[in-house]
Amino acid sequence: MSETIFNKIIDKSIPADILYEDDDVLAFRDINPQAPLHFLVIPKKQIATINDITPDDYTIVGKLSGIAALIVAEHGEADKGFRTVMNCNEYGGQTVYHIHLHVLAGKPLGWPPYQERLK
Ligand code: AMP
């Protein structure tokens, strides 16, 4: 599996605005924020897409949501609400092939997030 820019953030060879780190999870602000608070929560283990998650990964993938909520609460946005999104492959809009939970907070978020009619 080829490495992504997120491996460089994990090994600190490129900088990131890190919000949380432990042995198996890292969270950092998105470089191109789409909301007042927009960060990514990633496993340190590289899993390319949601399609590559195995039962061994279920615990770590669940932890991404728990850490997301913790960080949102630290920023005082939990009660107002927020959104988590994990894009998958081309149609899902995935550009970095190391799974990451987008967390968006700090403003009302539109839904649905697209304008096209269902075909
Ligand atoms: P996705 O399109 O779902 O794969 O999301 C990838 C996200 O990674 C985008 O929102 C990018 O803005 C973000 N991103 C790419 N490079 C960096 C970086 N060096 N630091 C922080 N966020 C990044």
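**Close-up views of a predicted model**

**View 1. Ligand site.** An oxygen atom of the ligand lies 3.0 Å from a polar backbone atom of V96, a polar contact being a pair of N or O atoms within 3.5 Å. The side chain of N87 places an N or O atom 2.8 Å from an oxygen atom of the ligand, and a polar side-chain atom of H100 is 2.9 Å from a ligand oxygen atom. On its own the ligand has 510 Å² of accessible area, of which the protein covers 84% (Shrake-Rupley method, 1.4 Å probe). Around the ligand are 16 residues, of which D30, N87, G93, T95 and H102 come nearest; a residue is near if one of its heavy atoms lies within 4 Å. The model is predicted, with local features requiring pLDDT of at least 70 and side-chain atom pairs pLDDT 80 or more, while totals for chains, interfaces and linings use all residues. Residues are numbered from 1 along each chain as its sequence is written, and side-chain values use heavy atoms, leaving out hydrogens and water.

**View 2. Residue I5 in helix α1.** I5 is found in helix α1 (helices are DSSP runs of H or I, at least four residues; strands are runs of E, at least two). With a relative accessible area of 46%, I5 is partly exposed, a class between buried (under 20%) and exposed (over 50%), for a 1.4 Å probe and protein chains only. Not counting residues up to four places away in sequence, I5 touches I14 and V96, contact meaning heavy atoms within 4.5 Å. I5 and V96 are 91 residues apart along the chain, and their C-alpha atoms are separated by 7.6 Å.

**View 3. The aromatic pair F6 and F28.** The count comes to 1 aromatic pair, for rings of Phe, Tyr and Trp (its six-membered ring) with centres within 6.5 Å; planes under 30 degrees apart are stacked, over 60 edge-to-face, and the rest tilted. F6 and F28 are edge-to-face, at 5.3 Å centre to centre and 75 degrees between the planes. F6 belongs to helix α1 (residues 5–10) and F28 to strand β2 (residues 25–29), 22 residues apart. F6 is buried at 6% relative accessible area, and F28 is buried at 3%.

**View 4. The largest nonpolar core.** This core has 16 residues, and V25, F39, V41, L64 and V103 have the most contacts inside it; a nonpolar core joins buried Ala, Val, Leu, Ile, Met, Phe, Trp, Tyr and Cys residues through side-chain atoms within 4.5 Å. Elements giving two or more residues are β2, β3 (37–43), α2 (58–74) and β5 (101–105), with α2 giving the most, 6 residues.

Notes: A polar contact is a pair of N or O atoms within 3.5 Å; within protein, one must be able to donate a hydrogen and the other to accept it, and residues adjacent in sequence count only if both atoms are side-chain atoms.
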